[in-house]
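Good morning, and thank you for the time. I would like to walk through one structure with you, taking its strands, its helices and its cores in turn.

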Amino acid sequence: MNLDRLRTLYAVARHGSVSGAAEGLHVTTSAVSQQLAKLERETGQQLLAKNGRGIRLTDAGRLLADHAARILSQVELAQADLEAQRGHAVGELLLGAFPTAVRGLFPDALSRLRTEHPQLNVRLQEMEPDESVPAVVRGDIDLAVVLDWYNKPLPMPGGLVKAALLDDPVDVAMPADHPLADRHAVEPEDFVDDEWISWPKGGFCYDWLMVTLRGKGIEPRIRHTAHEHHTQLSLIAAGLGIAVVPRLGRGPVPEGVRMVPVSQPTMRRHIYAIWRADADRRPSIRAAVEVLRSVGEKIID
């Protein structure tokens with residue numbers, strides 16, 4: 001049985017559709033269908049069946065997909081061992097990271113990796129943790145940079161390794177004419193009467209803000225929402241509210257906005273890298289983590 005065809009079947013099992021498998025493998029749906037048809041001929045069994053407008057795995061398909069998962073994991077272990085024996089970061093490394101990490105960490109990190117490890121081909125995708133964590137588990141990417149908050153951990157599946165990169169402090173961003181704009185430090189409780197600008201409802205950081213403020217007896221009045229911090233800062237510059245803004249990837253602060261530190265030292269984001277345990281010995285993983293951690297230390301200092 002051909003390894004690429006087993007990988008294709010496993011992708012269909014993970015994604016639940018031919019189109020999802022094609023997207024995860026970065027190939028066309030036609031290529032996926034051709035690989036599966038060849039695999040059915042090789043095994044002499046039907047592996048897929050129609051299910052309404054989609055498809056489902058047959059009993060034989062599920063059985064072979066389970067074997068494929070173990071086979072592919074063993075192949076990855078072998079590749080990691082060979083790379084470790086060689087002792088050099090070589091080959092392809094697929095990375096995913098949330099937007100502010102892409103902006104704040106990766107320009108310097110990617111430049112250093114290219115200089116220090118010229119045989120390493122690095123590819124980066126911007127993706128939120130709810131996308132990147134499953135992508136690491138599935139094997140679609142090799143390493144993800146993710147975040148959680150001091151009082152709201154990010155759920156983490158088994159079989160992953162993680163390494164801390166940096167702690168990212170937060171400030172309260174407010175209009176320059178706000179009564180607290182000249183303070184050296186503030187507490188969340190100081191803003192019980194203010195209107196807030198937040199991340200969109202339902203996101204991990206939105207949920208954290210709600211939990212944090214309500215835990216301090218504040219029922220926040222969310223007036224506006226925006227994904228990007230620089231958009232939030234533009235709204236604040238117009239006098240439309242306040243926001244909690246992390247420092248990583250923040251960029252220039254617009255005129256008319258004041259950033260005041262939060263006095264509680266624990267109120268910060270934890271930024272870390274995750275990868276599959278069966279790839280733990282890969283020098284390319286270690287090289288990426290080392291560079292990301294070094295860049296992160298300079299940002300915080």
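In which sense do strand β1 and strand β2 pair, and over how many bridges? Please bear in mind that this is a predicted model. Strand β1, residues 48-51, pairs with strand β2, residues 54-57, in the antiparallel sense, and the pairing runs over four bridges. Together β1 and β2 form a hairpin with two residues between them. In the turn, G52 has a positive phi of about 65 degrees.

I turn now to a pair of helices. Helix α2 spans residues 18-25 and helix α3 spans residues 29-43; their axes come within 8 Å and cross at roughly 105 degrees. Angles of 65 to 115 degrees count as roughly perpendicular, and α2 and α3 are therefore roughly perpendicular to each other. On the α2 side, the contact involves V18, S19, A21 and A22, which meet T29, V32 and S33 in α3. These contact residues divide into four nonpolar, three polar and no charged.

Finally, the cores. The largest nonpolar core has 51 residues, and L105, L143, V145 and I271 touch the most other members. Elements that each supply at least two residues of this core include β3 (91-97), β5 (143-149), α8 (204-215) and β11 (268-276). Helix α10 gives the most, with seven residues. Beyond its neighbours within four places in sequence, L105 is in contact with several residues, among them V145, L166, I271 and L292. Apart from this core lies another, of 16 residues, including L6, V12, A21 and V32.

Conventions. Residues are numbered from 1 along each chain as its sequence is written. This is a predicted model: local features need pLDDT of at least 70, side-chain atom pairs count only at pLDDT 80 or more; totals for chains, interfaces and linings use all residues. Side-chain values use heavy atoms; hydrogens and water are left out. Two strands pair if DSSP finds at least two bridges between them. Axes are lines fitted to C-alpha atoms, for helices over the stretch in contact, and angles run from 0 to 180 degrees between N-to-C directions. Angles under 35 degrees count as roughly parallel, over 145 as roughly antiparallel, 65 to 115 as roughly perpendicular and the rest as oblique. Contact means heavy atoms within 4.5 Å. Ala, Val, Leu, Ile, Met, Phe, Trp, Tyr, Cys and Pro count as nonpolar, Asp, Glu, Lys and Arg as charged, and the others, Gly among them, as polar. A nonpolar core is a set of buried Ala, Val, Leu, Ile, Met, Phe, Trp, Tyr and Cys residues joined through side-chain atoms within 4.5 Å. Buried means under 20% relative accessible area, exposed over 50%, partly exposed in between (1.4 Å probe, protein chains only).
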